[in-house]
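Subject: Structure handover

Hello,

Here is the structure for you to look over. My notes on it follow below.

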Amino acid sequence: KFVLRFCSGMPPDSWVCVQCGKSVPRLWEAIGTIDKRVVACQHCGGVADKYVEFDPVFLALDVLLHRPQVYRHLLLNVLPRHSPAARHLVRSLVAVVCFNALWFGTAQGESC
């Protein structure tokens, strides 16, 4: 479902809730001139995308922990809005992390 949505090309003003995968009109709202706050998804009631406030180090940690929400954030809310080089880099990183998970997951049963 998420892959089809990503490959079909989303309009630039379309955002996705990282919790439920439904379309949301915005990920944050402005408070005054400087501050922003994340908004709740009208479908699931959770925070639409908590990762808009996260530091890249925490994003990398969540990628290493294989949290599906961070993948949705990167692939559906960040990647379509950046240059082709950034898209290629993020896709490569996701592929490497998935390969590592598969490799170490199958190696668990083997003894050293």
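F54 is partly exposed, with a relative accessible area of 32%. Here buried means under 20% relative accessible area, exposed means over 50%, and partly exposed lies in between (1.4 Å probe, protein chains only). F54 forms an aromatic pair with Y51. The pair is edge-to-face, at 4.9 Å centre to centre and 65° between the planes. Y51 is buried, at 1% relative accessibility. The whole structure has two aromatic pairs. For this count, rings of Phe, Tyr and Trp (its six-membered ring) pair if their centres lie within 6.5 Å; planes under 30 degrees apart are stacked, over 60 edge-to-face, and the rest tilted.

Before you read on, note that this is a predicted model: local features need pLDDT of at least 70, side-chain atom pairs count only at pLDDT 80 or more, and totals for chains, interfaces and linings use all residues. Residues are numbered from 1 along each chain as its sequence is written, and side-chain values use heavy atoms, with hydrogens and water left out.

Overall layout

The chain has four helices and four strands. From the N terminus on, the order is α-β-β-β-β-α-α-α. Helices (H or I, at least four residues) and strands (E, at least two) are DSSP runs, numbered from the N terminus. Of the 112 residues in the chain, 26% are buried.

The hairpin

Strand 3 (residues 28–31) pairs with strand 4 (residues 35–38). The sense is antiparallel, over four bridges. Two strands pair if DSSP finds at least two bridges between them. E29 has R37 in strand 4 as its bridge partner. A30 has K36 in strand 4 as its partner. The two strands, 3 and 4, form a hairpin with three residues between them. In the turn, G32 has a positive phi of about 75°.

W28 also belongs to strand 3. W28 is partly exposed, with a relative accessible area of 33%. W28 and A40 are twelve residues apart along the chain, and their C-alpha atoms are separated by 8.7 Å.

C20 is in no disulfide; the nearest cysteine sulfur, that of C41, is 3.7 Å away. C20 is partly exposed, with a relative accessible area of 23%. For C44, the closest cysteine sulfur is in C17, at 3.8 Å, which is too far for a bond. C44 is partly exposed, at a relative accessible area of 39%.

The C-alpha atoms of C20 and R72 are separated by 9.8 Å, although the two residues are 52 residues apart along the chain. R72 is found in helix 3. R72 is buried, with a relative accessible area of 18%.

H66 sits in the loop between helix 2 and helix 3 (68–78). Phi of H66 is near 60°, a positive value in a residue other than glycine. H66 is partly exposed, at 35% relative accessibility.

The largest pocket

Rolling a probe the size of a water molecule over the atoms shows where empty space is left. The largest pocket has a volume of about 230 Å³. Helix 2 (56–64) and helix 4 (84–107) are the elements that give two or more residues to its lining. Which residues line the largest pocket? They are P56, L59, A60, V63, L64, L74, L89, V90, L93, V94 and V97. By class, the lining has eleven nonpolar, no polar and no charged residues. Ala, Val, Leu, Ile, Met, Phe, Trp, Tyr, Cys and Pro count as nonpolar, Asp, Glu, Lys and Arg as charged, and the others, Gly among them, as polar.

On the method, a pocket is an open set of points on a 1 Å grid over the protein atoms alone, where a 1.4 Å probe fits, with protein on both sides within 12 Å along at least five of seven lines; lining residues have an atom within 4 Å of a point. Points are joined across faces, edges and corners, and a volume is the space filled by probe spheres set on them.

Best wishes

Conventions. A disulfide is a pair of cysteine sulfur atoms within 2.5 Å.
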